[in-house]
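Here's a friendly walk through a protein chain, starting at one residue and then stepping back for the wider view. Have a look at the structure first.

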Amino acid sequence: MYLSALFKDFSRSYIQKMIDNDQLKVNWVVLNKNKKISPKDEIELEIKTEKLDEVLPEKMSLDIIFENNDILVINKDPWINVHPVPWENWNKNTLVNGVLYHCKNDLPTINWVERPGIVHRLDKDTSWVIMIAKNDKMMKELSELIKTKKVGKYYLAIVNGLIKEKEFKIESYIGRDPNDRKKMTIKSPVNPKEAITYGKLIDYIDNKYSLLMLKLETWRTHQIRVHLASIGYPIIWDKTYWNTKVNKEVLEKYWLDRQALHAYFVDINLFWKDYKFVAPLKEDMKKIIKKEIETKF
């Protein structure tokens with residue numbers, strides 16, 4: 001598409017949206033999506049900023065790992081949603097609210113939509129390192145790196161049982177569970193997509209649990225949780241893919257009452273510079289993992 005090459009900061013979907021909204025004119029005439037661009041045509045582009053009136057900046061404590069003019073990296077606390085959801089206060093107490101407040105002077109728009117540049121997400125009760133683009137240039141860069149699998153993302157998980165393999169690979173197709181739309185599955189999934197997870201045993205805990213480091217080759221919804229449960233080693237306190245009295249034992253001994261999954265660090269090359277963003281463990285998981293973890297796989 002000629003317009004995609006001309007306006008490199010815009011995605012094809014965004015250009016299509018501008019065409020649909022009559023924001024593009026060729027030779028002073030509103031552009032029809034079927035029209036071909038010819039040499040010496042004069043192209044006029046109207047940029048409209050869309051505001052998220054329902055999502056307001058909200059002052060909150062953010063555990064910031066790194067920040068410059070292009071990117072904000074946060075160690076997200078558990079029990080906080082990334083985006084507003086209708087069944088939980090809708091537009092309050094989310095990471096989006098906090099980022100909007102923190103970046104009020106540095107984050108005017110992303111693709112001309114007034115919203116934080118969050119390009120990846122995880123579950124509410126998972127702690128993790130999250131990267132947030134502060135401008136369109138970084139938003140496009142992060143999205144492309146994720147799409148082309150050039151981001152190394154590593155997790156720590158505590159699973160029930162003593163896994164024997166020092167290193168392992170789980171490969172399957174994951175999709176929506178046809179019997180429960182809130183769950184993902186590897187068994188007869190709806191709209192299945194390939195999912196690959198690599199695992200490494202770090203240590204045993206209390207001769208009952210295994211501490212694992214995991215690397216994703218693909219980023220599918222609930223991928224780690226589904227994959228570990230599928231091989232018989234579910235993450236402790238995973239209320240969706242595991243339901244057992246062991247959760248009560250973990251709560252009584254360690255006071256951990258959320259799934260023991262933490263996005264530990266990210267390896268990434270941004271504009272020819274290598275970065276490793278490490279998110280230290282939160283206090284609740286520190287009570288179980290009483291050792292220093294090397295950021296190596």
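Predicted model: local features only at pLDDT ≥ 70, side-chain atom pairs only at ≥ 80, totals over all residues.

Let's start with N93, which is partly exposed: its relative accessible area is 43%.

Where does N93 sit? You'll find N93 in the loop between β5 (71-76) and α3. And which residues does N93 touch, leaving aside those up to four places away in sequence? The list is E58, M60, I80 and N81. Take N81 from that list: N81 and N93 are twelve residues apart along the chain, and their C-alpha atoms are separated by 7.6 Å.

Now move along to helix α3, which covers residues 95-102. Is this helix mostly covered or mostly open? Mostly covered: six of its eight residues are buried. Those buried residues are L95, V96, N97, G98, V99 and L100.

Time to zoom out. The protein chain comes to seven helices and 14 strands in its secondary structure. There are 297 residues in the protein chain, and 46% of them count as buried.

One last thing to look for is how the protein chain meets itself. Among its contacts with a separation of 6 or more, 63% are between residues 24 or more positions apart.

Technical notes
Residues numbered from 1 in each chain as written. Heavy atoms only, no water. Buried < 20%, exposed > 50% of the residue type's maximum accessible area, 1.4 Å probe, protein only. Helix = DSSP H or I, 4+ residues; strand = E, 2+ residues; numbered from the N terminus. Contact = heavy atoms within 4.5 Å.
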